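Welcome! Have a look at the picture, then follow the topics below.

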Amino acid sequence: MRYFILLVTCLALLLAPAGVAMADSAPMQTVGPHVQPMDSTTVRLESERIDIHLREDREEPTQFSYSGVADYRIQFHFVPSADERMTAGFPLFVYDPEARIYGAHLENFKVLVGGQEIATRMQGGFMNGTNVDWALFDLTFQAGKPLELEVSYSLEAIPYGKTQAADLWIAYVLRTGAFWAGTIGHAEAHLTMDRPIRAEDVRSGEGFWRSTTPGWRLEGGALHWTWKDVEPDFDLSAVLANSYWIDSPAALAELAAAGAPDRNGCLKLMHGMAVLFEGDGRGGYWTPVRGGKLSGLAGGELWPDVAPVLQGCLARAPKDEELRDRYLRLLSSASWHWQDGKISLVSEERFRLLMREYRAFREAGGREAGVLLVTPWLQGEVEPVTFSAETQAEVVAYLLKEEIYSSYATEQAARDWTATVAKPLGPQAAEALLKEALARVKQAPAAPAPAPAQDPGRAPAAP
């Protein structure tokens, strides 16, 4: 009896976005395996079929998703020339720093032999010096009798990189298939998504960070590769634009058009719109979406259709403070844009709406939104802006309601407050604020009246 460990190589699905900041450390990657013998073998891998389907990750129902879940199904057709028994294994985590692979853990792992699921057992081991859990199972080959092996599992397909706009990288290490006896007679790979893959989204040729393996064809909205009698010394890569990001405006428009979403749908719509307006989480840059538009501008085009839906959400749940808080924060993001530490006004109309909605919320007893930046010029450097008279009136009304102090210790303190909050305002608005602030200066207590003079010739009055 001969024993082998079947090494799992790397089927790496790496998704990279561009609007939500990622950590500096390398992200976990979607890494799936290929089977290889550790020792010589007479077993031939007659054919191999790799099917990968990428679907939107909907685990968080209140957030718009820019990543997915990859479902794998790999079929191996072996033709042994002699009887062999071996122990096979799949690592449940792949780590290969040289290839820049830091894998995610496999989920829903199953092994089928001849269409029947077989038991697996867990065992610790190593891969590139790192502890890795392995799923082990036993295989028995009989000379001349084909054996059908199928492996399936799911993996998180999280963004690879630090923004939603980065490409999706999908890779499968084919070269270890050369370790089986002879060539692989027929190998094929198919990549599908829960939406059609577009030709313009396939990154191929020079000039890209990574490139799609040559020989691909796009049919029926899916990518396909085929090889004959191959002893692979190459790996499979597919590099695609992240359609979960670039198609998000269309998906948000569809969600809004459906009307009257439930509470989770309302929160999801708010989240997706906020990401469009906010840009990437590091510098705040707006990044392109479908059609070459920048995300913040696409959000502005969507706003007239989305705003009534969100206001309907609030009207149906007037006491839902989370909904109201998320809505106000979205209005802040839709009004002002933070980029590289500077703040610029995006829309006066939405800014006026923010101030009206916030004051109404507070008048109805809502709590103060501590980090809500209605007055962003108090938080950082603001690009020069001149408000219209209508906006200035709203700003003054807001400041007198929410920002002005109940009293000032000195006249100078009142003047200092006015100079700070009135930076983007004209002289008339600034004068109105100063007048009210000066009226709130604490008055010094009156000095006590002097005691009346006493006649030295008269006795003091009785108490």
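Helices here are DSSP runs of H or I with at least four residues, numbered from the N terminus. With that in mind, Asp-325 and Arg-329 sit four residues apart in helix H5 (residues 321–335), so about one helical turn separates them. Please remember that this is a predicted model. The tour starts with the sheets, moves on to the charged pairs, and ends with a loop.

**The eight-stranded sheet**

- Eight strands make up an open sheet with mixed pairing, and their order is S11-S10-S14-S6-S5-S16-S18-S17.
- At the edges are strand S11 (116–117) and strand S17 (217–219), each of which pairs on one side only.
- Strand S16 (residues 184–193) is mostly covered, with eight of its ten residues buried.
- On one side, S16 pairs with strand S5 (residues 43–56) in the parallel sense over eight bridges. To find this pairing in the picture, look for Ser-47, whose bridge partner in S16 is His-186.
- S16 also runs antiparallel to strand S18 (residues 222–230), and seven bridges join the two. Here Ala-187 stands opposite Trp-227 in S18.
- Strand S6 (residues 68–80) and strand S14 (residues 147–157) are antiparallel too, joined by eleven bridges. Val-69 has Glu-156 in S14 as its bridge partner.

- Is Glu-156 buried or partly exposed? Its relative accessible area is 47%, so Glu-156 counts as partly exposed.

**The three-stranded sheet**

- Three strands form another open sheet, in the order S20-S21-S22 and with mixed pairing.
- S20 and S22 are the edge strands here, each pairing on one side only.
- Four bridges connect strand S20 (residues 336–339) with strand S21 (residues 342–345), and the two run antiparallel.
- Two pairs to look for are Trp-338 with its bridge partner Ile-343 in S21, and Gln-339 with its bridge partner Lys-342 in S21.
- S20 and S21 form a hairpin with two residues between the strands, where Asp-340 takes a positive phi near 50°.

**Salt bridges**

- As a general idea, side chains of opposite charge can pair when their charged atoms come close.
- How many salt bridges does the structure hold? The number is 29.
- Asp-325 counts as buried because its relative accessibility is 13%, a value under the 20% cut-off. Arg-329 is partly exposed, with a relative accessible area of 33%.
- Asp-138 and Arg-121 form a salt bridge as well, with 3.2 Å between the closest N and O atoms. Asp-138 lies in strand S13 (residues 130–141) and Arg-121 in strand S12 (residues 121–127), so this pair ties together parts that are 17 residues apart in sequence. Both partners count as partly exposed: Asp-138 has 46% relative accessibility, and Arg-121 has a relative accessible area of 39%.
- The side chains of Arg-58 and Glu-56 also meet in a salt bridge, at 3.8 Å from N to O. Arg-58 counts as exposed at 63% relative accessibility, whereas Glu-56 is buried with a relative accessible area of 14%.
- Which residues are linked in a network of salt bridges? They are Arg-198, Glu-200, Asp-201, Asp-247 and Arg-290.

- Val-385 is in the loop between strand S22 (381–382) and helix H7 (389–403).
- Its relative accessibility is 21%, so Val-385 counts as partly exposed; buried would mean under 20%.
- Val-385 and Leu-345 are 40 residues apart in sequence, yet their C-alpha atoms are 7.2 Å apart in space.

Definitions and conventions:
Residues are numbered from 1 along each chain as its sequence is written. This is a predicted model: local features need pLDDT of at least 70, side-chain atom pairs count only at pLDDT 80 or more; totals for chains, interfaces and linings use all residues. Side-chain values use heavy atoms; hydrogens and water are left out. Buried means under 20% relative accessible area, exposed over 50%, partly exposed in between (1.4 Å probe, protein chains only). Two strands pair if DSSP finds at least two bridges between them. A salt bridge is a side-chain nitrogen of Lys or Arg within 4 Å of a carboxyl oxygen of Asp or Glu.
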